[in-house]
Amino acid sequence: MKQPRRRRWPWLVAGAIVAALLIVIAVIAVPILTHQNAGASGQQPFTEDWPTAATGKGEDGRDRSIEVMSAEPGGTVDTAALAAGDRLVVSGSGFDASRGIYVAICVIPEPGGKPGPCLGGVPSTEEGESFEEGSVQFAPSNWINDDWAWRLFGARSYDDAASGMFTAYLEVPAPVGEGIDCREQDCGIFTRNDHTAADDRVQDLYVPVAFR
C-alpha cells in the first residue's frame with residue numbers, strides 16, 4: 001500500500017516568508033549597527049536675525065543647504081512669527097541619501113548637542129503610510145529615507161539621491177508640546193539624522209523660528 005505523499009508547498013511558502021523577513025531585518029539592522037559618526041555639520045553663522053536658509057560644510061566634506069519657503073504660491077515666510085497651521089516647504093541639497101533624516105521644529109541645543117525635543121515628536125516607524133509618487137502630505141514632522149525597507153514604514157524618498165536633494169512639507173503645530181515650549185525656548189526648523197544614525201550630528205542644519 002502506497003504511503004500518502006506529504007505536501008511540500010506549505011513548507012516552501014513558510015521558508016520563503018522567513019527568508020524575506022530575514023532580508024528585511026538585515027537591510028534595516030546592518031546599516032544601524034555598522035554606522036560610524038561623520039562629525040559636525042559645520043553650519044555657517046547667520047548674517048541676518050531671522051533667515052530663511054542655512055548652509056554648512058560637514059566634516060564629511062559635503063556642502064549642505066536648506067531653505068524654508070511658504071507653501072502658498074508667491075507667499076513669504078516670517079520665521080519670527082509662525083502660527084499653528086502655517087504650511088511650509090523645506091528644501092535641501094547636499095545631504096547623504098544613504099542616511100535618512102527627520103525635518104521638524106525642535107529646541108536649539110547647546111553646540112554639538114542633539115536637537116530636541118521636537119514639536120510633533122518624530123514620524124512613526126510602526127505604521128506604514130503609502131504616498132503616491134509626487135503627492136504632497138503636510139505634517140508636523142517629515143521623514144526622508146531612500147531605503148526601500150524604511151519606505152514600507154512611511155518614509156518619503158529623497159528627490160534626487162545623487163545630489164542629496166529633498167523636499168519636506170511641514171504643517172506648523174502648536175508651539176507647545178511634550179518637553180518643549182517654543183514661546184519660551186529657542187527653536188528652529190531642523191534637519192537631523194533619523195534613528196538609523198541618531199547620534200551623528202553631521203546632517204544637523206537649522207533655521208531659527210519663533211511664534212506669534
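A quick word on the ground rules. This is a predicted model, where local features need pLDDT of at least 70, side-chain atom pairs count only at pLDDT 80 or more, and totals for chains, interfaces and linings use all residues. Residues are numbered from 1 along each chain as its sequence is written, and side-chain values use heavy atoms, with hydrogens and water left out.

Now for the sheet. β6 belongs to an open sheet of 4 strands, ordered β1-β2-β3-β6 with antiparallel pairing. Strands here are DSSP runs (E, at least two residues), numbered from the N terminus, and two of them pair if DSSP finds at least two bridges between them. β1 and β6 are the edge strands, each pairing on one side only.

Here are some of the strands with their residues:

| Strand | Residues |
|---|---|
| β1 | 53-57 |
| β3 | 87-93 |
| β5 | 141-144 |
| β6 | 166-171 |

β3 and β6 run antiparallel and share 6 bridges; Val 89 has Tyr 169 of β6 as its bridge partner.

Tyr 169 also meets Asn 142, a residue of strand β5: the Asn 142 side chain reaches the backbone nitrogen of Tyr 169 at 2.6 Å. Asn 142 counts as buried because its relative accessibility is 4%.

Key. Buried means under 20% relative accessible area, exposed over 50%, partly exposed in between (1.4 Å probe, protein chains only). A polar contact is a pair of N or O atoms within 3.5 Å; within protein, one must be able to donate a hydrogen and the other to accept it, and residues adjacent in sequence count only if both atoms are side-chain atoms.
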